[in-house]
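Student: I'm new to this structure. Could you walk me through it?
Tutor: Happy to, here it is.

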Amino acid sequence: MARPSYNTFPSFSAGLGESKSGQVDSLPQHYSSGKHGSHSSTREKRDGRPSTADYLLLKVATFISAVGVLAVFVYTVFGPEFLSHPDGSIINIPSRPKNDAVKGTSFLDHDKPIKAFSGKTFLKHNIPFIDIPDSLVQDVYYYRWTTIQRNLRYIKAGTGYMCTEFVQPVGYAQAFGSIDAAAGHQIDESRWLKDTFYGDDYIHLYTRGPADALQYTQWILDAASRRAMVTGDPDYFATQLDDMVRIWHQWDSVYDDAAGLYYYQPVWDAQELSLPGFIADPNNTNWDLRKDGPNTYRPSHNAYMVANARAIARAANLARDGLLEVQFSKLADDLEKAMYKRMWAPEQEFFMDIIRPNNPNLTRLTGREQVGLFPYRFGIGLNTSYAQPAVDSMFDPEGFLSTYGPTTLEIRDPWFYSVKPDDYCCYWNGMSWPYSTGHTLKSLAEIYRSMTTNVTAEQYFQYLKMYAETQQKDGQPYVAESHYPFLDSWSADSWNHSEHYDHSTNNDDVITGLFGIIPQQDNTLKISPIVPSNWTYFALENLSYHGHLVTVLYDKYGRRYKTGKGLTVFVDGIKVHHGGKKSASVKLPPPILPDEAWINIAANPTGPGQYPAINATYTNSGDFHYKAIDGVLFYDTIPDNRWTNYGSPHLNDTLTVTFARPRNISSVTLALYSDIARGGAIDLPARIEIYGSRGLLAVVDDSSSITLLPNDLNEVSFDPVETSVIYVNMYRKSRKVYVGVCELEVWTPPVSGPTYYAVDAYLTGQETSIVLDEASVLTTNGAVVGGLTSDSNVAFSGIVSSGGSTSLTLSYSNAGYSTVELSVEVNQVAQTSLSLLPSRGKYVDTKSSVTLAKGKNYISLRGGSDNVNVKLETLKLV
């Protein structure tokens with residue numbers, strides 16, 4: 001059953017008098033205690049009871065919370081002058097280091113194109129703005145930045161950001177909700193954001209972190225290589241050479257040496273119910289075989305592997321490892337030759353699938369699938385004999401061209417479905433998938449620039465415009481999973497699941513294809529647009545490239561942008577090029593690399609039962625207070641991701657975040673939710689009070705110099721303070737409206753080492769948890785990690801090193817009578833082990849040595865004992 005919207009909840013206001021305009025209603029005042037009447041401080045369930053996990057965690061935080069309760073009470077009764085505290089201030093930008101010395105231009109309006117979107121602070125700071133003659137393509141461009149924004153998730157301090165595919169978690173996702181199928185698309189798209197830490201963190205999650213790069217076929221390494229040309233930071237890319245080689249060899253088990261090709265089931269090529277499954281099960285007697293497909297040599301998978309091998313070769317070149325460069329260049333060349341030999345069908349003039357089982361002669365399928373168009377984007381087949389047939393098929397009404405195409409299987413094929421036969425989500429034998437359209441647009445751009453076919457710029461734009469027409473719903477830009485090829489409707493668009501699906505590119509195609517921004521390895525920028533010949537203007541403003549802000553203006557008559565006729569290029573606000581042609585190659589100053597990113601110590605990727613812990617004095621039964629620190633940030637009504645106090649009888653309610661140990665902080669960032677403009681009842685708070693362990697830290701109310709922003713980030717800053725807990729006390733404007741928070745963030749400088757607290761690590765294992773131990777004196781609350789059993793993993797992330805051999809010291813206690821062994825993994829590779837000798841419950845050290853990579857490292861301590869009480873305090877690396 002659909003969850004009721006806010007304006008359909010039963011009203012609690014019966015019996016409350018009408019308030020006077022401009023006054024706050026006289027509702028019961030509520031302070032930062034754990035309870036108020038029958039309302040639990042844990043998540044409000046429909047039975048009014050807390051969950052078991054929340055209850056256990058809240059007991060630990062009771063003493064800390066009491067301090068804050070007293071502070072709120074004193075403030076309310078005696079007034080702000082009673083407490084000694086600094087004046088709070090509010091600013092509407094996140095407290096992350098920013099290169100504000102780099103200035104762009106302001107030819108375009110940066111407000112109107114994004115006025116309908118939430119999270120405007122993120123958009124204004126991060127995205128390049130455009131101006132083109134086609135409003136539909138332009139509107140979809142701006143919308144698609146919001147899909148990236150919605151799907152960025154902050155995992156944990158040290159690990160940083162990742163990009164999700166679904167805004168709500170799915171059961172088959174891997175570490176932290178990651179799914180590698182579209183990771184290459186996500187890296188391609190996000191590489192144009194001004195803040196580079198989004199992509200840096202995400203790539204690290206696969207190369208050094210726990211994300212699974214073998215779940216689906218992928219081109220992550222290729223995407224990382226091309227991204228390095230955008231950021232201008234080849235060192236970041238090159239230092240991951242060993243990690244990239246490790247990922248490459250994970251695929252060895254599905255390489256057929258005799259065929260010279262890789263194989264996988266189509267379902268794990270992200271394409272279930274595709275042609276190989278129908279050929280293998282024509283009578284529909286084996287659903288799993290039809291859905292998943294048999295092991296198949298596919299043009300998509302093998303093209304990805306060619307591209308990944310060439311990415312490794314480039315990293316090896318940067319790292320001056322000539323042997324690896326030659327080795328992987330040869331691997332790429334040999335694999336590409338095998339694709340031509342085995343997959344190219346002269347009679348079909350196409351790259352074809354080959355089913356592996358019971359097919360000793362490697363007979364190709366006869367149906368042409370869209371995956372046969374993918375290789376061109378990776379530089380494979382860019383000559384006339386291969387590329388022209390591909391172009392012809394793209395614009396053939398019996399081929400892949402449809403109203404909302406391109407289709408995933410040629411329309412002429414007997415197995416082509418124009419509509420789904422049932423409610424199953426994912427048919428890849430005819431539906432139009434943005435995932436595949438993103439690949440196809442890149443292939444079309446590469447073919448156009450190869451100048452080996454008759455394809456025109458108008459045809460490229462025809463495909464881009466068709467893509468924009470597909471990405472619509474109810475007259476507004478929108479993207480879901482798949483679309484019917486001839487019906488104006490999405491074929492896979494599940495409620496609270498498929499919305500704003502981040503499984504494809506769009507803006508990368510606009511930037512690299514339409515505008516022709518072609519990143520280079522050196523300090524140059526190549527501009528080679530693919531625009532219709534009748535366009536008299538186009539503009540791309542403040543594109544982040546090598547840390548500089550680049551603006552490209554084309555004005556045929558010189559009247560629109562007032563910079564003269566032709567093409568004008570600005571770098572950091574300074575004109576560096578002007579010419580009559582639409583294309584140019586521009587020299588740039590050396591790259592400007594960003595400062596090290598700050599960390600959000602409030603994020604909790606695990607959920608209730610672990611730290612940081614959160615509770616609320618009241619939570620609406622349709623919401624969840626944990627979602628205020630889950631690292632997911634978007635402001636939609638549906639899909640939902642928020643805490644609200646809708647239905648609360650209190651004038652004010654409090655969110656309480658408890659850290660595992662005392663932390664030094666100087667700000668709290670609140671992503672405030674408001675659905676008033678959508679007919680709801682959640683509005684900005686009339687007043688916000690922020691408390692720490694020792695009392696009031698800051699107040700935001702009508703006297704603040706800057707107004708709070710709805711559906712955006714609002715940072716409240718104050719003098720640095722050490723605290724174990726944060727209380728955010730929010731007052732409603734009236735009895736008719738409530739308050740909501742989509743995310744509460746606390747940004748601090750990263751931990752620089754050499755000592756790292758175990759309680760800051762990511763903990764997994766059935767019993768692994770944070771406990772308080774009086775024997776530990778390194779923190780004022782005695783927080784350590786306990787409950788280590790055989791399935792435990794204490795994972796430290798964000799450990800920065802210059803690389804090389806490092807001494808590792810673990811502080812632990814062993815209250816038992818036997819030695820406990822822990823294995824030590826560095827960047828997912830086992831390196832050594834630690835012996836935890838009995839210590840009678842006292843904290844002692846054990847040492848070993850490890851080899852760290854240059855940059856950020858992941859160190860995992862795995863194992864424990866089901867019989868011995870072992871606790872971990874700190875990890876030291878020197």
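Student: In the protein chain, what share of contacts between residues at least 6 apart in sequence join residues at least 24 apart?
Tutor: That share is 72%, where a contact means heavy atoms within 4.5 Å. Keep in mind that this is a predicted model, where local features need pLDDT of at least 70, side-chain atom pairs count only at pLDDT 80 or more, and totals for chains, interfaces and linings use all residues. Residues are numbered from 1 along each chain as its sequence is written, and side-chain values use heavy atoms, with hydrogens and water left out.

Student: How many helices and strands are there in the protein chain?
Tutor: The protein chain has 17 helices and 39 strands; these are DSSP runs (helices: H or I, at least four residues; strands: E, at least two), numbered from the N terminus.

Student: Let's pick helix H12. How many of its residues are buried?
Tutor: 17 of the 20 residues of H12 are buried, so the helix is largely enclosed by the rest of the structure. Buried means under 20% relative accessible area (1.4 Å probe, protein chains only).

Student: And what comes just after H12?
Tutor: Arg-320, with a positive phi of about 60°.

Student: New topic: which strands make up the open sheet of three?
Tutor: The order is S15-S16-S21, with antiparallel pairing; two strands pair if DSSP finds at least two bridges between them. S15 (517-519) and S21 (584-587) are at the edges with a single partner strand each, so one side of each has no neighbour in the sheet.

Student: How many bridges join S15 and S16?
Tutor: Three, in the antiparallel sense. Ile-518 stands opposite Lys-526 in S16.

Terms used
Buried means under 20% relative accessible area, exposed over 50%, partly exposed in between (1.4 Å probe, protein chains only).
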